[in-house]
Amino acid sequence: MLLSRRKFLGLAGTTALVATCSPNALPDHPLFNKSLGTPPTDSLKGLQEFLPKRDQLLGYPINMNIPPKEFFTWRKQLFNVGLNQFGFNNVGNPYDHSHIPFNTHHFEKELIERFGLIYGFSPQNTWGFLSNSGTDSNMHGIYIGRTLLKSRSGITPKIYFTQEAHYSIQILRNLLNLDWVIVETNADGSMDTNDLSQQLLANPNHPALVVATIGTTFKGAIDSIDDIQTKLNNRESYLHLDAALFGGYLPHTSFAADLLHETTQATKIKSTRYDSIAVSCHKFFGFPSPAGLFITTQSIFEDFQLQFEKIHDPEYILQVPGTITCSRDAAKPAEFHYFSSANAFSKQVDDAKKMLDNANYLLTEMRNHYAHLNPTRANNRSNTIYFKRPNDAVVNRYSLATMGLTAGSLRVPYAHIVVMPHVNKHILDTFLADLSEKT
Ligand SMILES: Cc1ncc(COP(=O)(O)O)c(C=O)c1O
């Protein structure tokens with residue numbers, strides 16, 4: 001029996017409708033409502049209004065500078081060869097042969113190698129990829145750490161971090177179903193490694209997966225990699241660095257050694273200081289959309305692959321991808337490659353210097369004029385100044401992030417400014433003047 005068109009429409013899903021019928025045949029179907037055109041250009045005006053105000057964003061670690069023209073030229077060149085025009089996809093391991101040739105794995109691999117060098121990874125022993133964000137990179141670090149520790153000891157590790165760690169770490173430990181240990185902090189917000197020792201002693205039967213934050217989100221504190229490693233001595237462990245913000249600029253300052261993956265000891269023996277690192281691309285670098293660097297060693301990755309291939313059947317894409325996510329953006333690695341060029345690196349050096357100088361300027365001015373707000377900078381590597389929360393007008397005008405900090409038995413409201421590359425002295429002076437009027 002033939003189905004009538006109406007009956008067919010009632011039975012079929014919308015995909016079938018779109019695929020099989022022309023709009024004329026369905027005048028009353030909401031999918032074909034003529035008012036659903038492209039957005040009117042008027043609606044772009046709302047977005048345009050933000051352009052001049054973008055340098056007022058002081059409360060979050062986003063570089064609001066527009067990248068140099070060279071970057072957009074590069075983007076255009078990529079577009080001209082098809083990128084962002086059709087379905088390129090970076091599914092899989094950028095270091096492996098891909099059965100799907102429409103990818104930018106060679107750019108991805110090259111940029112990881114260039115940044116790997118900056119973080120002191122040995123060029124013959126580097127693996128990584130460009131993720132969706134700092135959080136995505138943290139997820140891969142924690143997942144690889146969990147997988148390796150479980151495979152080596154047969155016991156699921158416990159994850160250690162402080163309450164100053166980014167909130168996504170709590171989400172990830174929940175997602176990965178890990179028991180957790182909160183380590184106490186020092187007065188500056190960094191991990192108290194004596195407490196870490198105590199906690200390790202109190203949890204003797206589980207391997208330790210430690211997430212150290214290099215630049216905590218609110219206070220800008222730095223967990224000490226070397227002290228953590230000393231406490232982890234002889235323990236089955238994995239150390240992942242969440243360097244979402246500071247990881248972008250520290251390598252371009254006199255503090256570059258802080259993040260080096262390998263150090264040469266007095267004995268001339270090289271030792272590794274951590275297992276993997278996560279850095280956001282939209283924070284310091286000012287890449288215009290969220291992305292993240294994830295870098296580890298080739299040997300860690302190979303050990304991980306041995307476990308990963310037990311749970312991942314490579315038949316469909318002809319390789320074990322190494323990443324949790326299947327489809328991956330191909331445009332971002334190719335575009336972000338620009339940020340690993342000599343010109344971009346030299347701009348990053350300038351930006352890093354200006355940022356730290358301006359953070360210093362803000363701290364000095366606030367101490368001189370607003371000491372009652374208790375302005376604080378956790379350390380001389382930090383671009384973050386936190387202080388007692390000013391009134392709503394200032395908080396809203398500059399999009400300041402706020403948090404209650406514990407002082408004795410009290411919870412005192414605080415705000416912070418993250419001095420990013422777009423935050424110049426002029427903006428800071430305007431902010432300081434607003435503080436006088438409005439606090
Ligand atoms: C220390 C730290 N880790 C992770 C993140 C999350 O990074 P993303 O926004 O790239 O996911 C942030 C964001 O502010 C952060 O400060």
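View 1. Two strands pair here if DSSP finds at least two bridges between them. Strands (E, at least two residues) and helices (H or I, at least four) are DSSP runs, numbered from the N terminus. Please keep in mind that this is a predicted model, where local features need pLDDT of at least 70, side-chain atom pairs count only at pLDDT 80 or more, and totals for chains, interfaces and linings use all residues. Residues are numbered from 1 along each chain as its sequence is written.

**View 2. Three strands form an open sheet in the order 10-12-11.** The pairing in this sheet is antiparallel. Strand 10 (384–388) and strand 11 (401–407) are at the edges with a single partner strand each, so one side of each has no neighbour in the sheet. On average, neighbouring strands are turned by 40° against each other, direction ignored. Helix 13 (residues 342–369) packs on the sheet and touches strand 10 and strand 12, and its direction makes about 20° with that of strand 10. Axes are lines fitted to C-alpha atoms, for helices over the stretch in contact, and angles run from 0 to 180 degrees between N-to-C directions.

**View 3. Proline 390 is buried in a loop.** You will find proline 390 between strand 10 and helix 14 (392–397). Around proline 390 there are 21 other C-beta atoms within 10 Å, so this residue is buried (20 or more such atoms; exposed means 12 or fewer, partly exposed in between, with C-beta atoms placed from the backbone). Its C-alpha atom is separated by 10.0 Å from that of serine 436, 46 residues apart along the chain.

**View 4. Domain 2 meets domain 3.** Domain 2 (53–64 + 348–438) and domain 3 (81–340) have C-alpha centres 29 Å apart; the bounds come from an automatic or database domain assignment. The contact (C-beta atoms, placed from the backbone, within 7 Å) takes 18 residues from domain 2 and 21 residues from domain 3. On the domain 2 side, helix 13 and strand 10 are the elements that give two or more residues. Helix 13 gives the most, with five residues.

Methods
Two residues are in contact if their C-beta atoms, placed from the backbone, lie within 7 Å.
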